[in-house]
Amino acid sequence: MISDIITHKARQGTQEWLDLRANFNTASEANAMMGCCSHMPRTQLLDQKKTGITPEPTNYEKQLFALGHELEDMARPIIEELIDEDLFQLVVSKDNLLASFDGITLMGDIG
């Protein structure tokens, strides 16, 4: 039910967002949980969830994350023009699941 979804004000990439993610199973962890992630084995993810200890990203990884966020910001207006709708970043949860949308319409029908 849509009313069960909680919207969070944490902005992607911030410490508040990272802290929030630690309390949920996230959409970006789905590949690792299914055992089909090239950079993280399922056992490593399960260990991180159990202990709450995650490795600090390397400087290279931090640069990749920053580049990814920059490219998302550049792509959003292009897609908005294609679909003729505004896109918004949104972080939502339901039960123990959390997803961070890089771009979703106000009605939530296009993401």
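I began at Val 91, which stands opposite Ser 100 in S4. I took strands as DSSP runs of E with at least two residues, helices as runs of H or I with at least four, both numbered from the N terminus.

I noted the basis next. This is a predicted model, where local features need pLDDT of at least 70, side-chain atom pairs count only at pLDDT 80 or more, and totals for chains, interfaces and linings use all residues. Residues are numbered from 1 along each chain as its sequence is written, and side-chain values use heavy atoms, with hydrogens and water left out.

**Entry 1: the sheet**

I looked up the strand order. The sheet is open, has four strands and mixed pairing, and reads S1-S3-S4-S2. S1 and S2 (25-26) are the edge strands, each pairing on one side only. I counted two strands as paired if DSSP finds at least two bridges between them.

I then went through the pairs.

- S1 (residues 6-8) pairs with S3 (residues 88-94) in the antiparallel sense, over three bridges. His 8 has Val 91 in S3 as its bridge partner.
- S3 and S4 (residues 97-104) run antiparallel and are joined by six bridges. Phe 88 has Ile 104 in S4 as its bridge partner.
- S2 and S4 run parallel, with two bridges between them. Asn 25 stands opposite Leu 97 in S4, and Thr 26 has Leu 98 in S4 as its bridge partner.

**Entry 2: the core**

Which residues make up the largest nonpolar core? I found six: Ala 10, Trp 17, Leu 20, Phe 24, Val 91 and Leu 98. A nonpolar core here is a set of buried Ala, Val, Leu, Ile, Met, Phe, Trp, Tyr and Cys residues joined through side-chain atoms within 4.5 Å.

Leaving aside neighbours within four places in sequence, Trp 17 is in contact (heavy atoms within 4.5 Å) with Ala 10, Arg 11, Gln 12, Val 91 and Ser 100.

I located Arg 21 in helix H1 (residues 15-21). Arg 21 is buried but has no salt bridge. Buried means under 20% relative accessible area, exposed over 50%, and partly exposed in between, with a 1.4 Å probe and protein chains only. A salt bridge needs a side-chain nitrogen of Lys or Arg within 4 Å of a carboxyl oxygen of Asp or Glu. The nearest side chain of opposite charge is Glu 29, 4.7 Å away. Lys and Arg count as positive, Asp and Glu as negative; His and the chain ends are not counted.

Beyond neighbours within four places in sequence, Arg 21 is in contact with Thr 26, Ser 28, Lys 49 and Leu 98.

I turned to Thr 26, in strand S2. Is Thr 26 buried or exposed? Thr 26 has a relative accessible area of 6%, so it is buried. With the neighbours within four places set aside, its contacts are Arg 21 and Leu 98.

**Entry 3: Ile 83**

Ile 83 touches Thr 105 and Ile 110, not counting residues up to four places away in sequence. Ile 83 and Thr 105 are 22 residues apart in sequence and 9.8 Å apart in space, C-alpha to C-alpha.
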